[in-house]
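Trainee: I would like a close look at a single part of this model, taken slowly and with the criteria spelled out.

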Amino acid sequence: MSNILVITQDEKKLYNCTNSLEDIGHCVLYSQGSQNLIFAQIQEFTPDIIIIDSKFEGAEIIIKKIKADFQDLNAQIILVIGAFDEPDYLDWANGFILEPINEKILISTVKSHLKIKNSLDELDKNNKEISRNLYSLNSLYNTSTQFAGTLDKEKLYEIMLEGLEKTLSFDVATLLVVNKEKNSKIYINSLHETTETLKEALQLRLLLCYKNMNNGKMPFEISLKDIELVQNTHPTRQIF
């Protein structure tokens, strides 16, 4: 099911509990070697979960190194600590388990962190896909613009807007705010920084939608030059 790397200098302490992980189908690899060996094992084994004993020599360095050099793995680090231990690097781990280890708690903790790992992997996949789509859309826009003079512009806009709908999905959100003072604004929430040509396409799309409202009877007359663009590339910090 998943690869689990166990880093400890006392294999017996963790063996009984981690053995139960193998019983439910996980592949468990134990490591007691040097830091360089551990990093080589991570590179080769590509673990989904890393369980590390806080008493392992250099545990803090290992955890920080994993976070810095193997972040693409999205491996979840679970730290095993004593009941009264408070290591300074606890915040660097994704979770922790207290000693003595309870088998059911260990299994439940691993399952929870596997769900987080899978969600991060899916998010990475979606981000890469949207990046490719934005690049393709931008290339299409640039190419289409070069021939715009020989094409039916209304048809071109229709094709571009359809492409935006299918390509951007819910990874880009836009909002047009109109008021009588003519300082209208377009807010763009996106996972990635948008190119200037894509911003122009989004502005054009919202303006066309606005002008088509109520059979063309607009509350206020606006043009592209009247619209201020507000870009937000951190969707968790909502601006609207």
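In what order do the strands of the open sheet stand, and is the pairing parallel or antiparallel?

Mentor: This is a predicted model, in which local features need pLDDT of at least 70 and side-chain atom pairs count only at pLDDT 80 or more, while totals for chains, interfaces and linings use all residues. Residues are numbered from 1 along each chain as its sequence is written, and side-chain values use heavy atoms, with hydrogens and water left out. The open sheet is formed by 5 strands in the order 2-1-3-4-5, and the pairing is parallel; strands (E, at least two residues) and helices (H or I, at least four residues) are DSSP runs numbered from the N terminus, and two strands pair if DSSP finds at least two bridges between them. Strand 2 (27-31) and strand 5 (95-98) stand at the edges with a single partner strand each, so one side of each is left without a neighbour in the sheet. From one strand to the next the twist averages 20°, where axes are lines fitted to C-alpha atoms, for helices over the stretch in contact, and angles run from 0 to 180 degrees between N-to-C directions. Strand 1 (residues 3-7) pairs with strand 2 in the parallel sense over 5 bridges, and there Leu5 stands opposite Leu29 in strand 2. Helix 2 (residues 35-45) packs on the sheet, touching strand 1, strand 2 and strand 3 (49-53), and its direction makes about 165° with that of strand 2; contact here means heavy atoms within 4.5 Å. Helix 3 (residues 59-69) also packs on the sheet, touching strand 1, strand 3 and strand 4 (76-81), with its direction at about 160° to that of strand 3.
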